[in-house]
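Hello,

Here is the structure I said I would pass on. Please open it before reading the rest.

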Amino acid sequence: MSLHSNSTRALLNLRRTSTASRTAALCVWSLILLLAGGLSGCSSNAKTEEAAGGKSAPKYKILATTLMIADAAARIAGEDVQVEWLMGPGVDPHLYQPTAKDRIKLQSADVILYQGLHLEGKMVDTFESIAKQGRTAVAVSRDIPDSELLSWEGGLHDPHVWHDPKLWKQCVQTMLDTLIAQDPESASAYRERAAAYLAELDELDAFCKQRVAEIPPEQRWLITSHDAFHYYGRAYGFQVVGIQGISTESEAGLKAITDAVDLIKTHKIGAIFPETSVPQAAINRVAQDSGAQLGPELYSDALGGVGSGADTYVGMIQANTNSVVDGLKTPSEK
Ligand SMILES: [Zn+2]
């Protein structure tokens, strides 16, 4: 029995028919509960498979930090590879600290994929020590040229590159290269699956451009809880303000709140957006003091849960784009 290859298969199935997607997605999260010691509808299925002779063991194990990475890795890797992740829906990667169970997963994984650029700010030492052991721990953002990255304080770069599908494509290419290095015999299958996924990302980019064109450039203000959307803003022509700055570690100060309120009033910005993985006290206060509508939660640093429409990377970016465009339209444009 291989629960993990089931979870990979479930991720892959997310892209098939909507009914199949829902069933498969439920299976993924049920498996998490099962692995955490709970009961799930998938356990009987897994036992049935075991009784019938079981699935073959996975060829190797990938451990991703975020679900965005796990989603892409599963698309490339196919059903023979186990894909797990550390940070589920709504989890803040800036503050995430590995648990004892995570350390076991980190020890047993053959390939570790993380975002890098200090997104996983509390795990930098962990990745360095894994790399020192000669094991494969790859920052999926490593091949993006500095010239395409946005600078940030302390000589760092903004880590939220996945919000621009074109930069995410470069991360996918790095994942592809890593998987080929791990299993060269499967190179052609990996390339074929990656090509299909990369084509979907081009379609996603076109979708975003088309939807954003529905609002005039002067209305393209994206005010959110923290600074996750600068790459999105650069790609689609938004001015972006994150009330808490780039990391969620520091809380928004009073000045940041009053500055945001002034900005909203000056530019008559109709809506601002909380995020699923960030506390909402500051943005609620800004909405209250400015009179702006509080739009739907955006998926900034984590995918959404099953049924959210944002339980895949593509779904995440589509959901965010729909929320932002619909939220910023004036009543006469709706
Ligand atoms: Zn962030």
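Predicted model: local features only at pLDDT ≥ 70, side-chain atom pairs only at ≥ 80, totals over all residues.

Four strands make up an open sheet, and their order is β2-β1-β3-β4. The pairing is parallel. At the edges sit β2 (82–87) and β4 (136–139), each of which pairs on one side only. From one strand to the next, the twist averages 20°.

Strand β3 (residues 111–114) runs parallel to β4 and is joined to β4 by four bridges. To find one of these pairings, look at I112, whose bridge partner in β4 is A137.

Helices on the sheet

Helix α4 (residues 67–77) packs on the sheet and touches β1 (61–66), β2 and β3. The direction of α4 makes about 150° with that of β1. Helix α6 (residues 124–132) also packs on the sheet, where α6 touches β1, β3 and β4. The direction of α6 makes about 150° with that of β3.

A helix pair

Two packed helices are described by the angle between their axes and the distance between the axes. For helix α8 (residues 187–212) and helix α12 (residues 313–328), the axes come within 10 Å and cross at roughly 5°. Angles under 35 degrees count as roughly parallel, so α8 and α12 are roughly parallel to each other.

On the α8 side, the residues that meet α12 include Y197, L201, L204 and F207. On the α12 side, they include Y313, V314, I317 and V325. The residues of this contact divide into 10 nonpolar, three polar and three charged. Among the residues in the contact are also E200 and R211 in α8, and D326 in α12.

Regards

Notes: Residues numbered from 1 in each chain as written. Heavy atoms only, no water. Axes fitted to C-alpha atoms, helices over the stretch in contact; angles between N-to-C directions. Helix = DSSP H or I, 4+ residues; strand = E, 2+ residues; numbered from the N terminus. Parallel < 35°, antiparallel > 145°, perpendicular 65-115°, else oblique. Contact = heavy atoms within 4.5 Å. Nonpolar A, V, L, I, M, F, W, Y, C, P; charged D, E, K, R; others polar. Pairing = 2+ DSSP bridges.
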